[in-house]
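Try each task before you read on.

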Amino acid sequence: MSITFKGGIHPPQNKVFTKDKPILALPAPEEIIIPLSQHIGAPSKPIVEKGDRVTMGQRLSESEGFVSVPVHSSVSGKVKDIKPWPHFSGESVLSVIIENDGKDTPCREMPAHEDWENLSPDQIRGISREAGLAGMGGAAFPTVVKLSPPPTKQIDTVILNGAECEPYLTADHRLMLEYPDEIIEGLRMIMKTLGVEKSFIGIEKNKPDAIKVFKNKTEKFDNISVIGIKVKYPQGAEKQLIDAITGRKVPAGGLPFDVGCLVQNVGTAKALYDAVVRGKPLYERVVTVTGKTLNNPQNLMVRIGTPVRHLIDACDGTKDPIGKIIMGGPMMGIALYADEVPIVKGTSGILVFSVTEADLPREKPCISCARCVDVCPMKLLPNRIATLIENERFQETEEYGIFDCMECGSCTYVCPTKRRLLHYIKWGKDEIIKRRNKEK
Amino acid sequence: MKLTIIGAVLLLGILGFLFGVILAFIARKFAVSLDERVAKVLEHLPGINCGACGYPGCSGYAKAVVAGAAPVNGCAPGGKPSAQNIGKIMGQEVSDTKDMVAVAKCSGGANNAKTKYVYKGLFDCRAAYILANGPTDCAYGCIGLGTCVEDCPFGALELSDNCIPITDYDKCTGCGICVRNCPKGVMHLLPRDQLIYIACNSPEKGGVVRKICSTGCICCKICEKECPKDAIEIRDFLAYIDYEKCIQCGICIEKCPTKCILDRGTGIPLPEPARVTRKRLKELKAAQE
């Protein structure tokens, strides 16, 4: 029996373009833009000023509040300006713009701990905050928050997420093939921090080479098991992964903490290893730059703050005029409105579509086929919710669990009449929150 | 045979009589005393159930007025006469009700303002707004998908060729539904006797506005200086008119370098024939597809 959850879809994989291409280090561009808001939670506050000299890995901001982490410079050079700059969210966000001097002078702010086994859990948490770690799967949730569960919740299982269920993306795949030791050490650090004895590494079966590598490497640890899971979208979603591997169901409105689980991306585990053992803050990451129209799609090790334009140029440009650039995967990624948007901590891929590929078919009325109901991994009724919102009956959708929707887009993908179901749901959520705020 | 018919008639007759007695008894015993003022108030309401007062239809508002939960001048479409009549019924003094009309505080639209991206989603301003504040480059300008036009219960709004809502002032009752539904706060209520208004909603600095819109308020302060009655004030890089002081002389309209001050009498011509709303929306939808 294959290990999976109920529902989900099978979009074309399209991973062949970059699956076998090793990670290449992309030289840093002349100018780097570091947005002060790269993660879920409060934006951080700048601590450098215009004209300051900064080194590679120097902290540029301090975090305010619990759900917030600092950002770091990814090059050495001079702070050119601190001003609003186009951001993937669609609005301009305060960013630090650094002129690269090309020397990459390293910053020695963070100590390296070769013998990390002697560190206490609180020290590891401190390092993960100091290094600005945020979830590298896409949502960029601050890692330190995940590593500090409330004392009432007992965590007994850590799951490392190597599913990479989004089509096109191969960044995690290549990372698992090229840095397995770092990932496993990172996982052991997470386990030690939380005092957990049992852990799983979930990898989709379309990456047999990665499964093989990890099975060999984890043989000596009897508390880590590698699990090949069914190829299906959204298999890499937190709640679906927990369901597939442990059979536990996260309650509506709950968090993985509530069922004693913690899920981390493989990239985050590697970043944690780098931060603790090498004293290297999170200032670079692997990004898959892909698309049928690109001349030379690649997996690149990119400095955070590199403009998207630079990545597309590094892939020798496109065959056809660009119709759409998506940051992230094709299912949950965000379409960009400008190519000077910088890469952030949560960017796992840059997807380039030609004009014909980006064309959207016309929306037609619902035919009540209920395919969206079949595939919804959260077992909601997208058709019903969308119809209610279309008729502006926003409050009623709360009874249908609109806030349990994780916006995976499976419903919109399968809809035979191409209804923009997810757009309706996002609009409904926004409208309900707005009305709630008004009532306060 | 005969007996059967008589029996049936008798039985049904007795049953009918019994039910009649029961119903009469219940009607007396459980009678709900209706305040006759509700019906009277309802007589003086327009009866269009627009919902602008915040209650479910005219009857809902009438009940709320009689219960003392709603003000007597809460019906905007009914205006002054209905407020006075309801006030008489309720024995209350009616505070001054102002007759308002809605205008769009934006003149950017498709021709004058830049767009950030091509929008291909749902045909509703509020749905477009969740995607990075809508496809317009200006975070405060009109999106132009006509949510206000669709929602107006009086058919008083139409989209101009520039994709900006324009008001038919004869039909507009100042109910404020468009003001409530506009995600960008572009719609604005103006006293009916006020003709001049600022057709820009952006509190951004002049340089920022100039880059993205040719008819935005760039905060040059010329209107503030030229106004003979000191009725115009610049706050947060946007001009505001004090309607109490304004004498409608129109000097500011002439002096404004970006032409973002408009006279609603002559500022925007109404399209002819006036009822093009649905047609125009359909055209826009077709163009988008």
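**Exercise 1.** Is A:G349 buried or exposed?

*Solution.* Start with the ground rules. This is a predicted model, where local features need pLDDT of at least 70, side-chain atom pairs count only at pLDDT 80 or more, and totals for chains, interfaces and linings use all residues. Residues are numbered from 1 along each chain as its sequence is written, chains are lettered from A and ligands numbered from 1 in the order in which they are written, and side-chain values use heavy atoms, with hydrogens and water left out.

Step 1: recall the cut-offs. Buried means under 20% relative accessible area, exposed over 50%, and partly exposed in between (1.4 Å probe, protein chains only).
Step 2: apply them. A:G349 has a relative accessible area of 0%, so A:G349 is buried.
Step 3: A:G349 lies in strand β16 (residues 349-354) of chain A. Strands (E, at least two residues) and helices (H or I, at least four) are DSSP runs, numbered from the N terminus.
Step 4: list neighbours. Contact means heavy atoms within 4.5 Å. Leaving out residues up to four places away in sequence, A:G349 touches A:L169, A:V287, A:T288, A:I326, A:M327 and A:G328.

**Exercise 2.** Find how many residues of helix α3 (residues 171-178) of chain A are buried.

*Solution.* Step 1: count. Six of the eight residues are buried, and the helix is mostly covered.
Step 1: name them. They are A:A171, A:D172, A:H173, A:R174, A:L175 and A:M176.

**Exercise 3.** Describe how chain B meets chain A.

*Solution.* Step 1: contacts. 19 residues of chain B are in contact with 19 residues of chain A.
Step 1: area. Buried area is the accessible area (1.4 Å probe) that two parts lose on being put together, summed over both. Here it is about 1500 Å², with 59% from carbon and sulfur atoms. B:L122, B:R126 and B:I130 supply 40% of the area that chain B buries against chain A, more than any other three residues.
Step 2: charges. A salt bridge is a side-chain nitrogen of Lys or Arg within 4 Å of a carboxyl oxygen of Asp or Glu. There are two between chain B and chain A. One of them joins A:D359 and B:K120 (3.2 Å, N to O).
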